[in-house]
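Dear colleague,

I am passing on the structure below, and I would be glad if you could look through it alongside the notes that follow.

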Amino acid sequence: MRVFQNACIVTVNSDFDVIRNGTLAVEGKKIAYVGPHKEFPGTETVDCSGKVIMPGFVNGHAHMPMIFFRGYTDDLNLQDWLWKKIFPLETRQTAVTEYHGALAAAAELTRTGTTTVNDMYYHGEHVARALKEAGLSGIVSSCLMSTNEKAGEVLQSAIELADLYRNDEDIRTAIAPHAEYTCTPEDLRYWGEVAIKTGQPIHIHCSETRSEHDECIGRHGKTPVELFESLGMMDAHMLLAHCVYITENDMDIIKKHGASVLHNPISNLKLASGVAPIPRMLEKGLKVAISTDGPASNNTQDMWEEMRVAALVHKGYLRDPLVMDAKTSLYYATKGAALALGYEDRGSLEEGMRADFVVFRTDSPAMNIPTDMINLIVYSGNSRDIVMTVAGGEVLYDNGEYKKLDIEKVMGDARADFENIFRDR
Ligand SMILES: [Zn+2]
């Protein structure tokens, strides 16, 4: 057992309790105690005086191996960014670069406090391996596109990956058709059936831009959400990334089927896609997870930053300060995000929950005056104040030191792969 003493604990439990001078005890992968100060004689103790413990972030949508393209092509809209710049260069990714890229992204997630991530990339097995090595957990998937002549092989490997991790404590899998505009209805229907038969969620991009929304109606006479429903896909647990352009009817369909919306406010702003109507979705009772999207469209994997922008953008867009308060934003970056991804065992600090949390200091100039801790976290805090990241009860990062990753090797390998991918550019 390891005991964290003298901390301010932001629980994100159903009462949103903040415990001043609290104790959190970890046994194995789980939280054994959280509450007012309590002694546990003879156990290993970590003194957290002057520090705060809060749940690790749950990142609803990412493309971890895209770290190589960060900063390479910015200030474009989604379609130009994707078709002219990203897709051509992604053909240069290999098994090795996907793995190294995912490891480098895992280091960034760890450093910035994310402990669970839902990722989509070409070969989920490389991301799964990187997550395992980094000590993180999450959902991995292999992206399916009808435009890919090897889609059949990708699907076969996705089915094998699901079998491999079926009883794994840390890795889950999803079936991941890329989007309506890269997949035929026939393929979407079939891949949906595979997801249902193998008991996996479907992770897909949905209504990210106005052109996607309009073109889908032009092609099929339906919005992407209506199309997915008509193809039977909504009978799986749908993890719908973006949902920027969605109708009231789309939201009703999402609600009816218990699907989840993965909200990427920074990526949507940066690619000029728009602002998803998240406050309206929350009013309707939809499940939502705040997410970073990939590192090339954000350009960080920092959920703290994402949580802050999520709390700000809807206020400005709707000219209403009440539509997304600090508590709501923190909730949908932790507990709410976990539930949206189908995890009941994480996202809040309570006995029996998975021991996924971060410890951060409050002696920085921005955090020094202890008024309301949740407001401080969302509007003043910064992931740079994180001193420790714990996932599944294991310390992954402690005062600048990675405990599981050889960070110099991880950074060096990623840098060498970058030189290779961009060799004649
Ligand atoms: Zn994405």
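Val12 lies in the loop between strand S1 (2-10) and strand S2 (18-27), where helices (H or I, at least four residues) and strands (E, at least two) are DSSP runs, numbered from the N terminus. Please bear in mind that this is a predicted model, in which local features need pLDDT of at least 70 and side-chain atom pairs count only at pLDDT 80 or more, while totals for chains, interfaces and linings use all residues. Residues are numbered from 1 along each chain as its sequence is written.

Val12 is not a glycine, yet its phi is positive, near 55°. Because Val12 has 24 C-beta neighbours inside 10 Å, it counts as buried; the term requires 20 or more other C-beta atoms within 10 Å of a residue's own, whereas exposed means 12 or fewer and partly exposed lies in between, with C-beta atoms placed from the backbone.

Asp75, also not a glycine, has a positive phi of about 60°, and its place is the loop between strand S6 (57-62) and helix H1 (78-90). With 8 C-beta neighbours inside 10 Å, Asp75 counts as exposed.

The peptide bond from Asn298 to Asn299 is cis, with omega near 5°, and Asn299 sits in the loop between strand S13 (287-290) and helix H11 (303-318). For context, most residues other than glycine have a negative phi, and most peptide bonds are trans.

As for the whole, the protein chain has 15 helices and 17 strands, and 53% of its 425 residues count as buried.
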